[in-house]
Amino acid sequence: MDERLAEPSRGTGDAADLQPVTQEPQAESDTTPSAFSVPISDLPPLSDELILGLLAKESSSRADNAAILEYFNEHPDLAERSAFCKHCYKQIYTYLFVDDHTVGFIRHDMYLELWEGNYLTKTAQVNLTWDAVAAKIADLIEQGRLMVPIKATPVQQQMEQLTLMRWSPPRWRKSDWDYAAKHLSPCQII
């Protein structure tokens with residue numbers, strides 16, 4: 001008998017030598033994010049009041065509250081609102097003050113990351129899907145907490161406002177002119 005066939009094969013290519021490799025499927029971990037999941041933070045969650053305060057706060061790193069309110073009034077569909085929210089936030093680290101707390105946010109493709117404190121030394125954090133962001137903004141609008149500045153329109157001045165009373169130049173009597181001529185120099189009369 002040939003010695004090559006007596007020992008287990010080390011990849012000779014024979015179909016009889018191949019054995020299937022079976023591995024137990026690994027359960028997807030909450031701490032290992034996949035391309036389609038939102039990572040879960042080890043930090044305590046950010047309070048609901050700070051989340052709502054952060055979402056309601058005006059910032060140059062996202063669309064203004066007036067644009068958000070207008071879009072939400074015109075589009076009641078959650079999917080459309082979620083897509084709008086995803087595109088109205090910029091991918092930039094943003095810090096704001098809410099109720100004497102330093103909080104911040106940054107946009108990721110699948111979620112919005114919100115935290116309390118400095119980004120490197122966070123004290124609380126939450127990652128919201130875009131559906132959750134849209135739902136919380138809708139709650140803010142429903143509660144009347146999404147503040148939109150009122151744009152004042154300039155009032156047109158009317159002539160009647162400028163002339164409330166009749167005005168006529170003072171009338172000088174001859175005695176007034178005589179007094180002025182005697183006691184005032186020519187420069188003071190004019």
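1. A quick definition before we start: a helix axis here is a line fitted to C-alpha atoms, over the stretch in contact, and the angle between two of them runs from 0 to 180 degrees between N-to-C directions. With that in hand, take H4 (residues 78-88) and H5 (residues 130-143): their axes come within 8 Å and cross at roughly 100°. That makes the two helices, H4 and H5, roughly perpendicular. Keep in mind throughout that this is a predicted model.

2. Now the overall layout. The protein chain has eight helices and four strands. Of the 190 residues in the protein chain, 28% are buried. The chain exposes about 14,900 Å², and carbon and sulfur atoms supply 55% of that area. As for contacts with a separation of 6 or more, 51% of them link residues 24 or more positions apart.

3. Back to the H4 and H5 pair, this time by residue. On the H4 side you'll find Leu78, Arg81, Ser82, Cys85 and Lys86. They meet Trp130, Asp131, Val133, Ala134, Ala135, Ile137 and Ala138 in H5. Sorted by class, this contact has eight nonpolar, one polar and three charged residues.

4. H5 also packs against helix H2 (residues 48-56), at an angle of about 85° and with the axes 10 Å apart. H2 and H5 are therefore roughly perpendicular to each other. From H2, the residues involved are Asp48, Ile51, Leu52, Leu55 and Ala56, and they meet Val133, Lys136, Ile137 and Leu140 in H5. The class count for H2 with H5 is seven nonpolar, no polar and two charged residues.

5. Then there is H3, which packs with H5 at about 95°, with axes 11 Å apart. Because 65 to 115 degrees counts as roughly perpendicular, H3 and H5 get that label as well. Ile68, Leu69 and Phe72 in H3 meet Ala134, Ile137, Ala138 and Ile141 in H5. By class, the contact of H3 with H5 has seven nonpolar, no polar and no charged residues.

6. Have a look at Ile137, which sits in helix H5. It turns up in the contacts of H5 with H4, with H2 and with H3. Ile137 has 0% relative accessibility, so it counts as buried. Setting aside neighbours within four places in sequence, Ile137 is in contact with Leu55, Ile68, Phe72, Cys85 and Tyr89. The C-alpha atoms of Ile137 and Ala56 are separated by 7.5 Å, although these residues are 81 residues apart along the chain.

7. Val133 is buried, with a relative accessible area of 0%. Beyond its neighbours within four places in sequence, Val133 is in contact with Leu55, Cys85, Tyr89, Leu112 and Leu128. The C-alpha atoms of Val133 and Ile51 are 9.5 Å apart, and the two residues are 82 residues apart along the chain.

8. How enclosed is H2? Seven of its nine residues are buried, so H2 is largely enclosed by the rest of the structure. Those buried residues are Leu50, Ile51, Leu52, Gly53, Leu54, Leu55 and Ala56. What covers them includes helix H3 (65-74), strand S1 (94-98), strand S2 (101-107), strand S3 (111-116), strand S4 (124-129) and H5.

9. Last, the cysteines. How many disulfides does a search of the whole structure find? The search finds zero. For Cys85, the closest cysteine sulfur is that of Cys88, 5.1 Å away, which is too far for a bond; the cut-off for a disulfide is a pair of sulfur atoms within 2.5 Å. Cys88 is likewise in no disulfide, its nearest cysteine sulfur being that of Cys85. Both cysteines fall under the 20% limit for buried: Cys85 is at 0% relative accessibility, and Cys88 has a relative accessible area of 8%.

Methods: Residues are numbered from 1 along each chain as its sequence is written. This is a predicted model: local features need pLDDT of at least 70, side-chain atom pairs count only at pLDDT 80 or more; totals for chains, interfaces and linings use all residues. Side-chain values use heavy atoms; hydrogens and water are left out. Buried means under 20% relative accessible area, exposed over 50%, partly exposed in between (1.4 Å probe, protein chains only). Angles under 35 degrees count as roughly parallel, over 145 as roughly antiparallel, 65 to 115 as roughly perpendicular and the rest as oblique. Contact means heavy atoms within 4.5 Å. Ala, Val, Leu, Ile, Met, Phe, Trp, Tyr, Cys and Pro count as nonpolar, Asp, Glu, Lys and Arg as charged, and the others, Gly among them, as polar. Accessible areas come from the Shrake-Rupley method with a 1.4 Å probe; for residues, only the protein chains shown count as cover.
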